[in-house]
Number of protein chains: 2
Amino acid sequence: MSAVSFVFPLLCYSLCFSHIHLQITNKSKESTWALMKSVSDAFSGWLLMLLIGLMAGALAGGIDISAHWLTDLKGGVCLNGFWFNHEHCCWNSNETTFVERDKCPQWKSWAELIIGTAEGSFAYIVNYVMYVCWALLFAFLAVSLVRAFAPYACGSGIPEIKTILSGFIIRGYLGKWTLVIKTITLVLAVSSGLSLGKEGPLIHVACCCGNILCHVFTKYRKNEAKRREVLSAAAAVGVSVAFGAPIGGVLFSLEEVSYYFPLKTLWRSFFAALVAAFTLRSINPFGNSRLVLFYVEFHSPWHLLELVPFILLGIFGGLWGAAFIRANIAWCRRRKTTRLGHYPVLEVLVVTAVTAVLAFPNEYTRMSTSELISELFNDCTLLDSSKLCDYINVNITKSSNELADRPASTNVYMAMWQLALALVFKMLITVVTFGMKVPSGLFIPSMAVGAIAGRLLGVAMEQLAYYHHDWVIFRGWCSPGADCITPGLYAMVGAAACLGGVTRMTVSLVVIMFELTGGLEYIVPLMAAAMTSKWVADAIGREGIYEAHIRLNGYPFLEAKEEFSHKTLAMDVMRPRRSDPPLSVLTQDSMTVEDVETLITETSYSGFPVVVSHESQRLVGFALRRDLTISIENARRRQDGIVSTSRVFFTEYTPPQAPSSPAPLKLRSVMDLSPFTVTDHTPMEIVVDIFRKLGLRQCLVTHNGRLLGIITKKDILKHMAQMANRDPDSILFN
Amino acid sequence: MSAVSFVFPLLCYSLCFSHIHLQITNKSKESTWALMKSVSDAFSGWLLMLLIGLMAGALAGGIDISAHWLTDLKGGVCLNGFWFNHEHCCWNSNETTFVERDKCPQWKSWAELIIGTAEGSFAYIVNYVMYVCWALLFAFLAVSLVRAFAPYACGSGIPEIKTILSGFIIRGYLGKWTLVIKTITLVLAVSSGLSLGKEGPLIHVACCCGNILCHVFTKYRKNEAKRREVLSAAAAVGVSVAFGAPIGGVLFSLEEVSYYFPLKTLWRSFFAALVAAFTLRSINPFGNSRLVLFYVEFHSPWHLLELVPFILLGIFGGLWGAAFIRANIAWCRRRKTTRLGHYPVLEVLVVTAVTAVLAFPNEYTRMSTSELISELFNDCTLLDSSKLCDYINVNITKSSNELADRPASTNVYMAMWQLALALVFKMLITVVTFGMKVPSGLFIPSMAVGAIAGRLLGVAMEQLAYYHHDWVIFRGWCSPGADCITPGLYAMVGAAACLGGVTRMTVSLVVIMFELTGGLEYIVPLMAAAMTSKWVADAIGREGIYEAHIRLNGYPFLEAKEEFSHKTLAMDVMRPRRSDPPLSVLTQDSMTVEDVETLITETSYSGFPVVVSHESQRLVGFALRRDLTISIENARRRQDGIVSTSRVFFTEYTPPQAPSSPAPLKLRSVMDLSPFTVTDHTPMEIVVDIFRKLGLRQCLVTHNGRLLGIITKKDILKHMAQMANRDPDSILFN
């Protein structure tokens with residue numbers, strides 16, 4: 001993995017920008033053309049946001065449509081044209097009635113097509129086998145494409161995007177190939193029926209769009225920090241198209257993904273997120289002209305006493321979240337360290353086969369996870385044909401309320417058992433699925449687990465209230481004929497709780513859920529569940545799934561949320577330690593080219609402080625290894641008289657040289673004249689804060705004006721790992 | 001105004017906190033009681049948020065109810081009890097019909113009470129006179145209370161809260177007295193009919209609650225930075241109760257008010273905002289059990305072509321916003337500089353009299369501004385009795401759509417004229433009202449101006465579409481009998497545009513408006529208007545009203561949003577300048593007590609750098625003037641042998657003294673060992689960024705390890721003023 005470090009990027013960007021801006025302002029006095037250019041420069045940011053929104057919205061629409069089609073292809077094919085999905089195929093059918101709108105003669109299941117009948121156990125077996133075969137084919141294609149063309153396309157991408165936004169560069173992670181391959185393989189992976197979602201990868205796709213579109217604009221191509229602002233906005237766009245929640249997307253980017261989120265970005269992110277959401281809506285992939293993935297409308301308010309089951313769901317979500325993270329990290333570590341990691345294709349195929357074989361018999365695991373969640377969130381109306389809504393219609397005297405609580409039929413109980421099995425299945429299979437070499441998001445599986453648990457509890461509560469409406473807790477608000485408990489709301493609260501437990505999102509989670517229902521009414525249940533879930537999960541393990549994966553991969557990520565609460569000082573962390581040899585430094589006027597070259601070859605540091613003299617150790621500046629190497633190489637090639645014995649000067653004025661001595665080499669221009677310093681007595685708490693807020697990569701340590709040592713981001717990460725009793729060598733990159 | 005400076009507050013807080021935390025963790029091993037304490041410590045933050053939410057919600061409810069009552073008192077009194085407002089008074093009446101629900105025998109106008117009749121021009125004059133008298137009485141009480149007890153209670157408070165959150169301390173600004181007086185006078189000021197709102201002051205009230213409740217918790221009482229986090233949350237609570245928009249409140253605090261907004265605060269702010277909103281709802285001051293101030297529900301979607309009038313409204317909002325800021329600042333400057341400022345009571349009385357005299361004859365200015373906005377936002381249904389909804393019911397063949405566009409009656413045209421007059425009146429009177437010595441918010445007046453303009457444009461569009469539905473622009477979507485144009489939506493968009501033009505809010509504005517309607521459908525019109533308005537206003541003048549007032553008052557506020565784009569270096573800004581005498585420094589071991597005292601008395605700096613020696617100028621630390629004074633005073637009083645000739649040591653070890661010499665004074669403990677330094681070549685851009693992000697008050701400047709000078713926040717503000725061609729001496733405080 002090629003990674004390049006940089007110094008003060010977050011600080012420098014405005015400087016670079018102002019320079020360009022100044023130039024443009026001067027030019028604009030010269031001609032109208034230049035004026036146009038200056039206006040376009042001012043508006044290029046907005047234009048870029050517009051383009052990202054359009055591109056990400058269009059891609060998301062394409063992904064939705066293709067995934068829908070391929071998912072249906074596992075079950076059968078349309079005779080009018082194989083490119084129609086089940087729903088489209090039956091749109092033109094005349095025989096479509098409201099109840100059985102997805103049964104039409106044009107749509108043939110594989111059994112009908114191959115053996116000519118859809119009845120009997122042989123047909124079932126044919127369908128079963130075809131289902132598994134298609135799933136294996138999709139999964140094989142996905143993993144092969146990822147391995148062959150874009151290894152970065154696997155996973156959700158959120159841990160890496162967090163790391164990139166914190167200042168680390170992973171070349172190609174947000175490139176063209178990653179975008180193309182991730183888009184294609186995401187469709188395949190989702191269609192294969194694996195327990196994964198497309199929401200996380202969509203954020204990666206949107207960030208790729210942002211990064212690629214940055215190259216169109218000079219202002220963003222050349223400026224690393226400005227580009228990261230664009231990536232923050234792109235992350236918001238990703239969530240916006242994933243859930244149809246633009247405000248939630250912006251808050252997600254702010255809370256979960258971004259490291260440096262200036263206010264200008266907030267407004268632009270919001271604009272981009274809105275453009276993307278409306279682009280997606282005009283593509284209308286769900287066919288319901290709704291902006292949101294799971295549109296729900298509940299008919300009855302919630303009662304204060306229901307907070308108890310909501311909090312129970314929160315506890316469940318927290319426990320499951322924490323357990324999932326532990327199990328998943330343990331499994332991923334095993335994959336990294338044992339021979340399991342050598343056979344990624346086989347692993348994907350085995351998991352797909354197991355998933356498909358176990359999923360087919362249960363209708364709630366056979367359908368796509370988003371459909372499942374949709375059905376679980378749904379508030380049963382009288383016309384609903386779903387098994388989950390098959391209540392017994394009893395004639396109640398007060399028949400005014402059509403949606404009154406009713407006794408469940410055996411069908412509902414059957415559905416409950418199936419859901420319980422689906423719950424166990426999803427909980428287990430997701431652990432081994434997340435982290436495989438295919439694009440895989442975690443939002444949808446987590447939400448599915450929570451939604452199933454919530455629906456189960458909701459129906460249980462509903463039946464309890466129906467049969468025991470005289471209990472003191474139900475009396476008054478759950479009289480017979482009242483529509484007092486909405487199992488769909490429980491499913492929603494459960495989904496929020498599980499998602500919160502896994503990702504530790506807070507405000508953005510509640511806002512995304514709020515945008516799904518559009519009513520302030522349900523914020524309190526959602527919030528109670530999300531809060532409980534976060535507290536419970538945090539009590540078991542501090543890290544969310546993304547932080548855990550960042551640590552697993554050893555990315556140099558300085559968590560902005562975690563408080564550093566140890567009382568160490570800068571001198572405890574800085575290099576060199578007391579027993580080490582002294583710090584390798586350059587002097588401003590007493591070294592020869594050879595000395596510098598020796599220092600560069602003998603050490604592997606990425607930069608060297610420049611001091612007045614070895615005796616005074618007074619700091620002058622900081623020179624990067626790369627710049628030194630390039631400058632000396634260039635000078636040796638192009639500049640006359642530069643030999644190994646040439647003196648190197650970092651000073652402003654070069655003293656007159658003796659005529660016999662070789663020409664001096666002036667290197668002041670490659671030196672950073674404003675290196676960041678702290679004193680050796682600075683508490684590490686403050687140092688960590690400075691690193692975080694200013695996005696530094698290193699900082700020099702002085703004592704009474706003399707240079708003592710250096711602290712790098714890696715030193716800080718190692719120190720933090722040590723303080724938390726973790727292995728400091730797990731920090732791999734620098 | 002007594003102001004105290006502080007160093008590194010934002011950095012130090014976690015240190016202090018960790019210390020307490022560590023102590024508590026150790027203790028918890030000792031006893032269960034300590035464990036309880038540790039849990040309560042961890043939860044005290046949440047408890048504090050809960051209390052702030054409850055208190056602010058309750059206060060907001062109280063303010064709403066009292067203001068409603070007093071406003072109605074200007075028109076008449078309830079015979080059942082003078083403490084009933086008009087609506088409550090008529091609730092018990094049997095004669096209440098739907099149309100005239102506010103006319104009941106129990107409620108007597110002043111004319112009825114005094115001269116026994118409500119008819120005729122004499123009765124009108126009596127009512128007129130009583131209206132003006134009550135207004136004058138309320139205004140007089142308000143301004144007298146403010147002047148007598150709490151001078152800080154005037155204005156909206158937002159500029160000052162912004163300044164406080166940026167690290168400046170204004171003693172008493174958030175104190176008990178300010179809270180009590182602001183709450184009372186806010187009710188009086190709103191009831192007096194002045195063109196002001198209660199929303200801005202509610203933020204101040206919520207911040208007072210936050211600050212006062214901080215004193216209950218040790219953790220927050222002692223930690224300045226933690227308290228500022230609480231204040232950020234309290235600002236969110238203020239907006240939440242003002243508009244019933246918890247998410248918008250949090251975003252407002254993030255975008256507009258706060259300086260340092262860690263993610264932990266985000267979640268807690270949201271919690272507090274939600275608690276406050278629900279407290280307010282359970283008090284139910286508007287009697288409609290709605291959370292929001294202006295609940296609106298529109299029945300028809302908007303058409304893409306309508307974006308043209310929406311953008312026009314945006315331009316209007318931007319122009320008005322910029323013009324308002326200029327005019328208001330010019331007026332406030334005149335008040336500051338001329339004799340006008342010496343008669344604040346008279347000023348308030350004159351403005352109140354003019355407002356009342358001009359407002360009474362026009363029913364749209366006579367009603368309270370919130371009611372006006374409510375009526376303007378309203379989508380006319382067939383049953384509406386308002387003059388604005390008095391359309392002619394024509395029989396259309398397609399009578400299916402009951403809300404179809406209809407021709408306006410003369411009543412509507414009359415209302416239009418009255419609204420146009422009200423628009424001019426509000427636009428002018430608000431300029432002189434905002435900034436007077438009474439609590440005054442700007443949200444409601446700005447929204448009123450925009451809502452009037454929007455409604456006027458909306459009705460014009462509607463009638464245009466009705467009479468010219470064959471025009472090419474209306475064809476297709478505005479056929480006869482279609483409900484194609486909603487004037488209420490125009491009013492809402494106009495309100496957003498004007499509010500945006502004045503305050504330059506962006507995301508928070510759109511989200512607040514979104515929470516009012518609860519539909520993602522109308523985000524695009526709102527966003528288009530808000531964006532246009534901000535661009536237009538920014539093109540005329542960069543500053544929003546709050547920044548303009550901060551600058552007018554000379555608060556030391558470093559704007560976080562403005563980019564510093566000049567290419568100066570730290571050495572151009574630092575003191576001493578080249579012509580100045582050298583920097584006053586302390587040496588670590590060569591000065592006597594007398595030397596230090598002389599330095600302190602001869603200069604007025606708030607702190608002094610400590611160097612190794614005058615020759616080397618190597619920096620050791622930084623000592624605050626206050627700490628030095630106190631330490632020397634204490635030492636002279638309590639410590640034996642400390643005389644004027646005693647040597648002062650800032651070193652770690654004191655060298656052995658000659659027996660004859662006086663006892664040495666060790667002052668290392670009062671010295672900050674980790675002062676912040678930058679080099680003289682650091683671009684000012686980076687320095688400004690460091691000051692902003694780390695919340696510094698000063699920073700030392702070095703060159704090659706030698707101390708050169710110092711840059712204070714004031715220096716930076718002066719430099720920025722100079723660069724922007726403003727008077728640098730307008731920065732008053734330090």
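**Between chain A and chain B**

Across the interface of chain A and chain B, seven residue pairs are in polar contact, both residues of each pair at pLDDT 80 or more. That cut-off is there since this is a predicted model.

Now the side of chain A that touches chain B. By class, that side has 42 nonpolar, 15 polar and 16 charged residues.

Next, the residue count. Chain A gives 73 residues to the contact, and chain B gives 74.

On to area. The size of an interface is often given as the accessible area lost when the parts come together. Here chain A and chain B bury about 6800 Å² between them. Carbon and sulfur atoms carry 72% of that. Which three residues supply more than any others of the area that chain A buries against chain B? They are A:Trp267, A:Lys693 and A:Asn704, and they supply 10% of that area.

**Inside chain B**

Look at helix 10 of chain B, residues 224-243, and helix 12 of chain B, residues 263-283. Their axes come within 8 Å and cross at roughly 40°. The crossing is right-handed.

Who makes the contact? From helix 10 of chain B, the residues include B:Lys226, B:Glu229, B:Ala233 and B:Val237. From helix 12 of chain B, they include B:Lys264, B:Ser269, B:Ala273 and B:Leu280. By class, this helix contact has nine nonpolar, four polar and three charged residues.

Technical notes:
Residues are numbered from 1 along each chain as its sequence is written. Chains are lettered from A and ligands numbered from 1 in the order in which they are written. This is a predicted model: local features need pLDDT of at least 70, side-chain atom pairs count only at pLDDT 80 or more; totals for chains, interfaces and linings use all residues. Side-chain values use heavy atoms; hydrogens and water are left out. Axes are lines fitted to C-alpha atoms, for helices over the stretch in contact, and angles run from 0 to 180 degrees between N-to-C directions. Helices (H or I, at least four residues) and strands (E, at least two) are DSSP runs, numbered from the N terminus. A crossing is left-handed if the near helix is turned anticlockwise from the far one by less than a right angle, and right-handed if clockwise. Contact means heavy atoms within 4.5 Å. Ala, Val, Leu, Ile, Met, Phe, Trp, Tyr, Cys and Pro count as nonpolar, Asp, Glu, Lys and Arg as charged, and the others, Gly among them, as polar. Buried area is the accessible area (1.4 Å probe) that two parts lose on being put together, summed over both. A polar contact is a pair of N or O atoms within 3.5 Å; within protein, one must be able to donate a hydrogen and the other to accept it, and residues adjacent in sequence count only if both atoms are side-chain atoms.
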